[in-house]
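User: Hi! Could you walk me through this model, one question at a time?

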Amino acid sequence: MSQFSIVNPGKISAFRQTPDGISGSSQNSFFELSLFTYGIVNVRFSRSETFNRLSYAVIREPAGGLSDVSDLPECVVLSSELVSVRLWKDDCRIEFLTTEGKTINEDEKGLGVSWNGEQVTAYKTLDRKSTRL
């Protein structure tokens, strides 16, 4: 039985703005965040510099020119008229926000995207205010 260790993306080492959003690398991965429309963001992480372009979730092509990129001390922010995405520099966690700054969805701190062998996982937080316990 083979046992794998969990690998997280690690700290961002470099990024650049693209016509659709941002792309870059971290200690253990490569990433792309592309705005397809003002409200649809395609997020890709890979252990290699190449990405699988097949998407079962998004069938559109990026429209280009929809985003504004801000390089802040703790995160990179990709913004459109409908949504903002924070990519945290220390661990590549992703947080989606409304234009008013309310969190829509976010990665679990310390986990987020990770690899266990060939399997990819993503851990998200649960908004306890919107659930019945």
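User: What volume does the largest pocket have?
Analyst: Happy to start there, keeping in mind that this is a predicted model. On a 1 Å grid over the protein atoms alone, a pocket is an open set of points where a 1.4 Å probe fits, with protein on both sides within 12 Å along at least five of seven lines. Grid points are joined across faces, edges and corners, and a volume is the space filled by probe spheres set on them. For the largest pocket, that volume is about 350 Å³.

User: Which residues lining the largest pocket are closest to its centre?
Analyst: Lining residues have an atom within 4 Å of a pocket point. There are 17 of them here, and the closest to the centre are Val43, Arg44, Phe45, Val113 and Val120.

User: How is the residue numbering set, and which cut-offs apply to the model?
Analyst: Numbering starts from 1 along each chain as its sequence is written, and side-chain values use heavy atoms, with hydrogens and water left out. As for the predicted model, totals for chains, interfaces and linings use all residues, local features need pLDDT of at least 70, and side-chain atom pairs count only at pLDDT 80 or more.

User: Which strand gives the largest share of the pocket lining?
Analyst: Strands (E, at least two residues) are DSSP runs, as are helices (H or I, at least four), and both are numbered from the N terminus. Three strands each supply at least two lining residues: E5 (41-46), E9 (94-97) and E12 (119-122). The largest share, five residues, comes from E5.

User: How many residues of the lining are nonpolar, polar and charged?
Analyst: The grouping counts Ala, Val, Leu, Ile, Met, Phe, Trp, Tyr, Cys and Pro as nonpolar, Asp, Glu, Lys and Arg as charged, and the others, Gly among them, as polar. On that basis the lining divides into nine nonpolar, five polar and three charged.

User: How many helices and strands does the chain have?
Analyst: Read along the sequence, the pattern is β-β-β-β-β-β-β-β-β-β-β-β. In numbers, that is zero helices and 12 strands.

User: Which aromatic rings pair up, and is the pair stacked, edge-to-face or tilted?
Analyst: Rings of Phe, Tyr and Trp (its six-membered ring) pair if their centres lie within 6.5 Å, with planes under 30 degrees apart counted as stacked, over 60 as edge-to-face and the rest as tilted. By this rule the count comes to one aromatic pair. The rings of Phe31 and Phe45 have centres 6.1 Å apart and planes at 45°, so this pair is tilted.

User: Why does the Phe31 and Phe45 pair tie together separate parts of the sequence, and how many residues apart are they?
Analyst: Phe31 belongs to strand E4 (residues 30-35), whereas Phe45 belongs to strand E5. The pair therefore ties together parts of the sequence whose separation is 14 residues.

User: Are Phe31 and Phe45 buried or exposed?
Analyst: Buried means under 20% relative accessible area, exposed over 50%, and partly exposed in between (1.4 Å probe, protein chains only). Phe31 comes in at 1% and Phe45 at 17%. By that rule, Phe31 is buried, and Phe45 also counts as buried.

User: Which residue lies over the face of Trp115?
Analyst: A charge sits over a ring if NZ of Lys or CZ of Arg is within 6 Å of the ring centre and within 35 degrees of the ring normal. At 5.5 Å from the ring centre of Trp115, the residue over its face is Arg47.

User: Which residue has a positive phi although it is not a glycine?
Analyst: Most residues other than glycine have a negative phi, and most peptide bonds are trans. With a phi of about 65°, it is Cys92.

User: Where is Gln119, and what distance separates its C-alpha atom from that of Ile6?
Analyst: Gln119 is in strand E12 and counts as exposed at 56% relative accessibility. Gln119 and Ile6 are 113 residues apart along the chain, and their C-alpha atoms are separated by 9.6 Å.
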